[in-house]
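Open the model in your viewer and keep the selection panel at hand.

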Amino acid sequence: MSAGAGDVRPAGGPGGGAWLVVADAGWPAALRVARGTSSGVSAAVVGPRALADAVAAAGVPVLWAEPAGGTPAEAYAAPLAEQLAAERPALLVGTTHPASRALLGAAAALAGARLLTGAVAAEPTTGGTGGTDGTGGSTGAGGSAWTVRRTLLDGAVVETLDSPSPVALLVQGAGADDDAPPPAPVAGTVRPVAAAPAAMTLTTVPSAEPAGGLEDARVVVAFGRGVRSRDDVALIERLADALGAQVACSMPVADDRGWLDRSRYVGRSGRHIAPRLYLTVGISGAPQHLEGVRGAQVVAAVDQDPAARIFRVADYGVVGDLYEVVPALITALQG
Amino acid sequence: MRVVIVYSWARDTGAASVRADGSVDWRGGRTAPGEDDPAALAVARQLAEDTGGEVTGLTLGDGDASWVLARGVGSTWSVGDAPLLADDAATAGILAAAVRAIGDVDVVVVGDAAERAGVPAALAGLLGWPALLGVTAASAVGEAPGAAGTAGTAGATDGVGAADATAVRVTRPSPSGTETITAAPPLVLGVAAESGTHRAPGMKELLAARRRPVTPLTLARIGAGADDVTSRGTELPPAAPTRVFEGPPDQVAGQLVAALRAGGVL
């Protein structure tokens with residue numbers, strides 16, 4: 001990436017302003033955090049033209065690199081980092097998507113920025129001392145200080161952090177988290193740039209297993225290892241019928257026990273879904289699982305352990321034996 | 001191929017509890033194997049097996065060396081005075097300095113923990129290596145992308161000798177299916193757990209672990225800093241906390257259904 005960088009330097013904000021790093025559809029969540037800083041926001045996009053256009057349509061000037069066919073976005077991490085370091089960013093923001101993180105990690109290292117996960121808000125403060133180079137040295141990049149709020153423990157608490165130097169923030173993105181109508185397109189803000197990628201090849205094999213309607217379901221009932229036997233899955237299916245829901249499961253149910261097809265398990269390495277209601281039964285709430293359902297509007301959980309992690313993130317929790325609570329729920333729903 | 005597996009480098013978030021005032025009790029704050037560490041170790045061992053190479057462990061703070069030594073890793077390094085930091089780049093800075101101290105490393109494999117998602121990304125950035133994250137499996141292949149011939153078409157070593165395995169092929173899930181990426185070392189791989197069940201080592205393996213070497217490192221020896229951001233503390237989120245129903249099954253089931261209906265969810 002080298003051409004035309006000066007044309008998209010942000011107009012305001014500390015240091016070189018806020019830069020959005022985009023390689024996936026979850027970027028609106030990162031943009032909200034960036035805009036909340038009142039800094040001028042620019043974006044570096046690695047992906048298809050449609051992705052660059054979508055970011056530009058949000059009113060953000062875009063530097064755009066289009067990956068050559070069969071090349072992953074990660075291959076552009078080094079040239080993107082060089083480009084962004086030259087902009088002396090005061091703030092870098094990206095999502096937790098694997099490719100976006102790889103790009104942001106490279107950019108943060110070269111810019112001498114701190115890197116904080118789980119960010120939900122940031123604001124500039126005074127008294128910055130410049131960036132760090134990872135070994136305690138100062139790069140002087142940006143020279144701005146930040147106060148960052150981030151979630152910990154699956155959202156159970158919010159931590160406030162002060163950084164004396166530029167920061168890079170990872171924001172939990174969700175592909176369908178923007179209910180607002182798209183903004184009016186802004187013409188002429190996408191500037192293609194040349195970049196020499198690292199030698200990598202990418203192939204994608206479409207899933208042979210249908211998702212079973214999970215992605216589009218309004219209501220999903222998911223069960224975990226709290227269900228003791230395969231025969232008991234019928235009880236969960238009766239609950240799903242009463243709710244008009246699709247049935248999903250946690251990773252061990254599909255992967256270790258094989259009770260449901262692997263296309264039915266929800267988690268970081270499984271399905272990512274965003275139903276209106278996600279009801280868990282006998283799921284403790286491991287981070288791997290919760291990451292697949294961050295887009296759910298309402299989470300309700302049934303578990304006999306009142307200390308289960310799922311109760312940190314659920315909107316509603318029922319503490320009890322699922323073999324007693326689920327039949328009662330079916331009765332209540334039919335009443 | 002020399003592979004470093006980074007393990008027990010963060011606190012066990014599952015052991016933490018949130019007090020009523022929003023502060024967090026970390027139960028001593030010791031490091032512990034993460035949810036993704038077993039999967040990361042499996043990937044590291046696979047790469048070493050494919051290439052006739054070796055796996056070396058690396059842990060921070062009070063990480064229990066026997067965890068990796070009892071699982072077949074021949075030796076491990078430990079940065080004993082590394083503190084637990086909020087800044088993922090600072091944590092990655094310590095790991096990067098340790099990897100440089102170990103030397104001649106081809107691939108660093110790290111559990112891709114959601115709560116510390118920045119660490120493998122920042123580690124790659126600080127090393128100046130590419131990062132492939134969200135990985136669920138990896139193998140060595142005989143030809144690197146960009147080399148002469150057909151790039152990235154061979155299977156795991158595919159009949160080539162171990163010395164000919166010059167690239168790494170990783171797979172990971174994507175919304176549309178499965179992605180396969182082939183790249184040449186050096187690389188940082190962030191590995192996400194795909195299986196929730198892992199075999200625990202037996203007594204024989206635990207005893208053998210005691211005889212395997214642990215090389216101590218210090219921040220001063222590897223030239224790493226431990227400069228961190230400052231925490232003002234934690235608080236409960238502004239959103240309403242979980243509404244918990246406890247009592248007889250019929251009662252709590254009725255309360256949940258009523259709440260969902262009142263909220264317009266059903």
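This is a predicted model: local features need pLDDT of at least 70, side-chain atom pairs count only at pLDDT 80 or more; totals for chains, interfaces and linings use all residues.

Residues are numbered from 1 along each chain as its sequence is written, chains are lettered from A and ligands numbered from 1 in the order in which they are written, and side-chain values use heavy atoms, with hydrogens and water left out.

**Chain B**

Select chain B. It holds seven helices and 16 strands. Helices (H or I, at least four residues) and strands (E, at least two) are DSSP runs, numbered from the N terminus. Of its 266 residues, 53% are buried (under 20% relative accessible area; exposed is over 50%, partly exposed in between; 1.4 Å probe, protein chains only). Take the contacts (heavy atoms within 4.5 Å) between residues at least 6 apart in sequence: 70% join residues at least 24 apart.

**The helix pair**

Select 98–111 of chain A and 118–127 of chain B. These are H4(A) and H4(B), packed at an angle of about 50° with axes 7 Å apart. Axes are lines fitted to C-alpha atoms, for helices over the stretch in contact, and angles run from 0 to 180 degrees between N-to-C directions. On H4(A), the contact uses Arg101(A), Ala102(A), Gly105(A), Ala106(A) and Ala109(A). On H4(B), it uses Pro120(B), Ala121(B), Ala122(B), Gly125(B) and Leu126(B).

**Helix H5 of chain A**

Select 233–243 of chain A. Which residues of H5(A) are buried? They are Val233(A), Leu235(A), Ile236(A), Leu239(A), Ala240(A) and Leu243(A). Look down the axis: the buried residues fall within an arc of 155°, so they line one face of H5(A). The arc is that of the directions from the helix axis to the C-beta atoms. Their cover includes strands E12 (219–223), E13 (246–249) and E14 (277–281) and helix H9 (322–334) of chain A. Step just past H5(A): Gly244(A) has a positive phi of about 65°.

Select Arg88(A), between helix H3 (77–86) and strand E4 (91–95) of chain A. Not a glycine, Arg88(A) still has a positive phi of about 50°. Its relative accessibility is 43%, so Arg88(A) is partly exposed.

Next, Asp104(B), between helix H3 (88–102) and strand E8 (107–111) of chain B. Phi is positive, about 55°, in this non-glycine residue, Asp104(B). At 72% relative accessibility, Asp104(B) is exposed.

Finish at Pro186(B), in the loop between strands E12 (177–183) and E13 (187–191) of chain B. A cis peptide bond links Pro185(B) to Pro186(B), with omega about 5°.
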